[in-house]
Amino acid sequence: MKVLQDQLFDKIAVPNSFEEIIEIAQTTIPDALNYNVRFWRGQSNIEWPVHSSAYRRLAIREKQVTEKAMQAYEKRLLQEASHKGYRFVDGKLLSDLELLARLQHHGAATRLVDFTKNLLVALWFCVASDEKKTGSLIGLHCFYVGGTEGTLKVNPYEEEVEDLEKYDYPRVWEPPAVTNRVAAQHALFLYSDVISAKHGSLKFPENENGALIIVISPQLKAKTKVILQQIFDVRHLTLFPDLDGFSFTNNCTLDPYNNMRW
């Protein structure tokens, strides 16, 4: 495995083939017992720091985005969404974090950063766009994050964020699989208080084994995209199995036979 030094992510692994990507992803770490579970995120450009969409939105007006500003923004967002009636879904009253997740699902900016339990899904988001750019596949090991999978988040917003600054790692949360898209993407979120680091505003594990960064070159992007589509049926139409996904894959910029694998 070739390892290089990177401006944003320090040590990065550089595979030459799809097989090497899978091999690197299986790298075990000391003191992890038999667990090799990571939470994955694919970014199409390795030059992008890891920021939440809310951070990017706040940065439009503010030179320095702070945790105080983030909390004020999300409280206002929750109030406005509640006023519009978006907190009720099929007769269920959503908690604050569930409402943020729903808003994120429909394109609103929140502190929640999209990750997935499935490496192949993250790999798709890495290779599906910016074909001429080198992408990054980010894996954070479960031993060095907080939170759990499969747990409801019913606490008020203030309780969910009040102690984030006490910890040197991010929290993970798996939203309920209330939509086909959440289920198809094996979706979960990571979040933390706002920090200022070269890799971005989301906390990464302090332990050197906590983060695994895999570089995907433009040449490997093209090869990997074909493998994901043909071998694993991982593509936009299957990862977004809803009206928005169907409409996107039938837009005017794509070949009429774009959705056919053969």
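R57 lies in helix α2, which covers residues 53-58. Helices here are DSSP runs of H or I with at least four residues, strands are runs of E with at least two, and both are numbered from the N terminus. This is a predicted model, so local features need pLDDT of at least 70 and side-chain atom pairs count only at pLDDT 80 or more, while totals for chains, interfaces and linings use all residues. Residues are numbered from 1 along each chain as its sequence is written, and side-chain values use heavy atoms, with hydrogens and water left out.

Start with R57. R57 is partly exposed, at 48% relative accessibility. The scale is simple: buried is under 20% relative accessible area, exposed is over 50%, and partly exposed is in between, with a 1.4 Å probe and protein chains only. Leaving aside neighbours within four places in sequence, R57 is in contact with Y73 and A109. Contact means heavy atoms within 4.5 Å. R57 and A108 are 51 residues apart along the chain, and their C-alpha atoms are separated by 9.8 Å.

Now A54. A54 also has its place in helix α2. A54 counts as buried, at 0% relative accessibility. Beyond neighbours within four places in sequence, A54 is in contact with M70, Y73, A109, T110 and R111. For T27, the picture is another one. A54 and T27 are 27 residues apart along the chain, yet their C-alpha atoms are separated by 33 Å.

Next, the charged pairs. The whole structure holds 13 salt bridges. A salt bridge here is a side-chain nitrogen of Lys or Arg within 4 Å of a carboxyl oxygen of Asp or Glu.

K117 pairs with E174, and their closest N and O atoms are 2.8 Å apart. K117 sits in the loop between β6 (113-116) and α5, and E174 in the loop between β9 (171-173) and α7 (180-184), so this pair ties together parts 57 residues apart in sequence. K117 is partly exposed, with a relative accessible area of 33%. E174 is partly exposed too, at 21%.

D242 bridges to R181, with the closest N and O atoms 3.0 Å apart. D242 is in the loop between α9 (236-239) and α10 (243-248) and R181 is in helix α7, so the pair ties together parts 61 residues apart in sequence. D242 is partly exposed at 23% relative accessibility. R181 is buried, with a relative accessible area of 12%.

R181 has another partner. R181 forms a salt bridge with D244, with the closest N and O atoms 3.7 Å apart. This pair links distant parts of the chain, R181 in helix α7 and D244 in helix α10, 63 residues apart. Elsewhere, salt bridges that share partners join E67, E74 and R111 into one network. R111 is also among the residues in contact with A54.

Helix packing comes next. Two packed helices are described by the angle between their axes and the distance between the axes. The axes of α5 (residues 119-127) and α8 (residues 218-230) come within 10 Å and cross at roughly 135°. Axes are lines fitted to C-alpha atoms, for helices over the stretch in contact, and angles run from 0 to 180 degrees between N-to-C directions.

The α5 and α8 crossing is left-handed. Left-handed means that the near helix is turned anticlockwise from the far one by less than a right angle; clockwise would be right-handed. From α5, the contact uses L120, L123, W124, C126 and V127; from α8, K221, T224, K225, L228 and Q229. By class, this contact has six nonpolar, two polar and two charged residues. Ala, Val, Leu, Ile, Met, Phe, Trp, Tyr, Cys and Pro count as nonpolar, Asp, Glu, Lys and Arg as charged, and the others, Gly among them, as polar.

Last, the backbone. Most residues other than glycine have a negative phi. D90 has a positive phi, near 50°. D90 is in the loop between β4 (88-89) and β5 (92-93). D90 is exposed, at 82% relative accessibility. D130 likewise has a positive phi of about 50° without being a glycine. D130 is in the loop between α5 and β7 (135-141). D130 is partly exposed, at 33% relative accessibility.
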